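This report goes through a few local features of one structure, one heading at a time. Please keep the sequence and the 3D view at hand while reading.

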Amino acid sequence: MTKNKLFGLIDLDTRFELTKFKLVRMLFKSRWFPLLVILFNLAIFLVILIAGFIGGYSSGNYNFGVMVVWILWWVLLMFMLVPVFARSWCLMCPFPIFGEWFQRGKLFGVKTGKLNGLGLKWPKALKNMWLMNFLFLGTTYFSGFFTVRPLATFILLGAIILLAFIVMIVFEKRNFCLYMCPVSGFQGLYSQFAMSEIRRKDPEICKHHTPKTCFVGNEKGHGCPWNLMPFDFKKNTYCGMCLECFKTCPYDNMAFNLRPPGIDLLVDTPREPKGLDEAWKAFIMLGIAIVFFLGFQGPWGWLKDMIRATTTKGYLGYIAGHTIFNLLAIPSVFFIFAFLSKLFSGNKEVSLKQVFINFSYTLVPLGLGVWIAFSLGIILPNGSYILHIISDPFAWGWNIFGTAHFPWTPVFTKYLGLLQGGIMVLFYLFSLVYGFRLSKQTYGDETQAKLGWLPILVFLTGITIVFLWLFLAA
């Protein structure tokens, strides 16, 4: 039987628990972890901020801040952290450390009782990805500055750190990370495809355990800073992997599992429903990838000039076109195919809205593949700059590691298009496999699912052909 197997090979119910190893579990239960990793990253980001400020308007390709954030960090995020380890960047992110320090009054120990600050509840209407969608799209308006002007990177990162601190003074726990951080939204969406998860092991233990220390905390750790119920959540979207639930569970009933990719795409529960906010995040991420490829890796100089604000008119045109393309054009085209899906299926019970939402999740594997391919186009031509900047982070003539004079050396750029195309095809196949499963979830009836799947198959294939043309021919 291959019914519940990915590509007929991998059992979707397979899990390999890493925390069954004593050393891993000891690490996860220690209060030093992930604190030491966060402090290390904080030190790196302090260097990034200093380099960005000192670098000012100098060339970005020889600036520590620009190269580490937009080459090294971004590529690690898209290549490994998100697709393999879900929201593991949130585990080690230094941005909220000052706000959390203020709330708890300490970095290492556990604060019992009420957290410091106003402790307001986050507005119910904003408990979704909409705010993150708009904030992330807004940051892309300035992408032409971040990658070439160190001071722009300094301003962006400084603003995120300051905003995180202010929000955490006003609102309880990590609401900034949950609902505002621009990086959080796409991590949450694409972590649904990730090959790892944090989940409870035995539901019966959780059922009979009161109080739920993973949620409310105890002397060993804080209640979930992400306002999740670790004993019951079923997908990665809002789990920041802070590991507090490992520290607070007296029965060691939390597990860190490796799993087949994409499992969460099939999850749709009353507590964790599929929604329009996540659908629009998928559209926005796909649209931004198209615009970024055309603007940064394509041959169209006029578009580069618009993105980099060579003229005010061109820059305003870029903002307007970029916004319309992402928020309206792509969703509108997808809506037509969703309408055709419902029409072809002949199903009269399922709403068009539900069809639209459910099938939008087919864009999660495809979109992640696009971003991995795009990131490959960043690291192969430009990765050698990193060897230079780690030896001379402030452009003061240092040569710390003896690599300050390493020449710009593109790697495998002759095969870049083929590599990008191969990645695109692989993730297209994942979209097809999960897309048909989503069709069966949506329509229930096998015949209706097959007929309703056809328009979505055409859409996914069309998008993939467009990207293959961009990667291989443009």
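## Two residues with positive phi

Leu243 is found in the loop between β6 (221-222) and α13 (244-248). The model is a predicted one. Although Leu243 is not a glycine, its phi is positive, at about 75°. Leu243 counts as buried, because its relative accessibility is 2% and the cut-off for buried is under 20%.

A positive phi is also found in Ala395, a residue other than glycine, with a value near 55°. Ala395 sits in the loop between α19 and α20. Its relative accessible area is 54%, so Ala395 is exposed; the term applies over 50%.

## Cis peptide bonds

The bond that leads from Phe33 to Pro34 is a cis peptide bond, with omega near 10°. Pro34 belongs to the loop between α1 (22-29) and α2.

Another cis peptide bond runs from Thr210 to Pro211, and its omega is near -5°. Pro211 is placed in the loop between α11 (203-208) and α12 (213-216).

## An open sheet

How many strands form the open sheet, and in what order? Three strands form it, in the order β3-β7-β4, and the pairing is antiparallel. The edge strands are β3 (16-17) and β4 (196-200), each of which pairs on one side only.

Between β4 and β7 (residues 254-258), the antiparallel pairing extends over five bridges. Within this pairing, Glu197 has Asn257 in β7 as its bridge partner.

## Cysteines without disulfides

How many disulfides does the structure hold? The number is zero. For Cys177, the closest cysteine sulfur is that of Cys181, at 6.3 Å; this is too far for a bond, because a disulfide needs the two sulfur atoms within 2.5 Å. Cys177 is buried, with a relative accessible area of 7%.

Cys239 is likewise in no disulfide, and its nearest cysteine sulfur, in Cys245, is 6.5 Å away. Cys239 has a relative accessible area of 10% and is therefore buried.

## A nonpolar patch on the surface

Which residues form the nonpolar patch on the surface? They are Ile50, Phe53, Ile54, Leu387, Ile390, Trp396, Trp398, Ile400, Phe401 and Phe406, and together they have about 980 Å² of accessible area. The largest share comes from α2, with three residues.

Ile400, one of the patch residues, is located in the loop between α19 and α20 (416-443). Its relative accessible area is 49%, which means that Ile400 is partly exposed.

Conventions:
Residues numbered from 1 in each chain as written. Predicted model: local features only at pLDDT ≥ 70, side-chain atom pairs only at ≥ 80, totals over all residues. Heavy atoms only, no water. Patch = residues over 30% accessible without salt bridge, like charges linked within 9 Å, V, L, I, M, F, W, Y side chains within 5 Å. Areas by Shrake-Rupley, 256 points an atom, 1.4 Å probe, with all protein chains shown as cover. Salt bridge = Lys/Arg side-chain N within 4 Å of Asp/Glu carboxyl O. Helix = DSSP H or I, 4+ residues; strand = E, 2+ residues; numbered from the N terminus. Buried < 20%, exposed > 50% of the residue type's maximum accessible area, 1.4 Å probe, protein only. Pairing = 2+ DSSP bridges.
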